[in-house]
Amino acid sequence: MERRDQLFQQALATYAEGVSRVARSYVRTAAEREDLMQEIWLGLWRALPAFRGEASLKTFVYRIAHNRCVTELSRRKPHHSGEEELLNLQDSRPGPAEHLAAQRDWERLVCMIQRLPLGLRQTLTLRLEGLSYAEISEVLGIGESNVAVRLNRARAQLNACMAGGEQ
């Protein structure tokens, strides 16, 4: 039990912010994200006894997060695009105009990422969290070449959306 506690505390300290960002890419409101985060951490706690160290703790944590997010996504009713809640983002840059511009840019990016097909969104979100192609491959259960293809497709779709001025 002591090892489980140590691993859990290490996961919380090291990966909480990244897992929160991953969860945010699957849900639209802060309340949904909080609920999903609780599910993720509970799932991790329950899964830790099975952790044998064959994979890194990082990929183990993100695999649990990914699985919980996909489960949540499958339970959700279809969402209508006009119902997005504004994200509460903190920006350290001075001035309200710069803050507002950065917040709108971030909201636009998050919205565009949420519109990507699930496979592309999963891969891109994990890459944005700093996971390597090998780690993403392990988390999603796909080959590294498939990771590269998905990332290229996700980037191409995001670039097309940004060039077209979509929101």
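**A look at the aromatic rings**

Mentor: Ring pairs join Phe8, Trp41 and Trp45 into a cluster. Keep in mind as we go that this is a predicted model. Counting ring pairs whose centres lie within 6.5 Å gives 4 aromatic pairs. Let's start with a pair from the cluster. The ring centres of Phe8 and Trp41 are 6.2 Å apart and their planes meet at 85 degrees, so this pair is edge-to-face; the angle for that label has to be over 60 degrees. Phe8 belongs to helix H1 and Trp41 to helix H2 (residues 30-47), so the pair links distant parts of the chain, 33 residues apart. Both Phe8 and Trp41 are buried.

Now move along to Tyr15 and Tyr62, which also make an edge-to-face pair, with 6.0 Å from centre to centre and 70 degrees between the planes. Tyr15 sits in helix H1, while Tyr62 sits in helix H3 (residues 57-75), so this pair ties together parts 47 residues apart in sequence. Are these two tyrosines buried or exposed? Buried means under 20% relative accessible area. Tyr15, at 14%, therefore counts as buried, and Tyr62 is buried as well, with 3%.

The charged end of Arg121 sits over the ring of Tyr26, 5.8 Å from the ring centre.

Terms used. Residues are numbered from 1 along each chain as its sequence is written. This is a predicted model: local features need pLDDT of at least 70, side-chain atom pairs count only at pLDDT 80 or more; totals for chains, interfaces and linings use all residues. Side-chain values use heavy atoms; hydrogens and water are left out. Rings of Phe, Tyr and Trp (its six-membered ring) pair if their centres lie within 6.5 Å; planes under 30 degrees apart count as stacked, over 60 as edge-to-face and the rest as tilted. Helices (H or I, at least four residues) and strands (E, at least two) are DSSP runs, numbered from the N terminus. Buried means under 20% relative accessible area, exposed over 50%, partly exposed in between (1.4 Å probe, protein chains only). A charge sits over a ring if NZ of Lys or CZ of Arg is within 6 Å of the ring centre and within 35 degrees of the ring normal.
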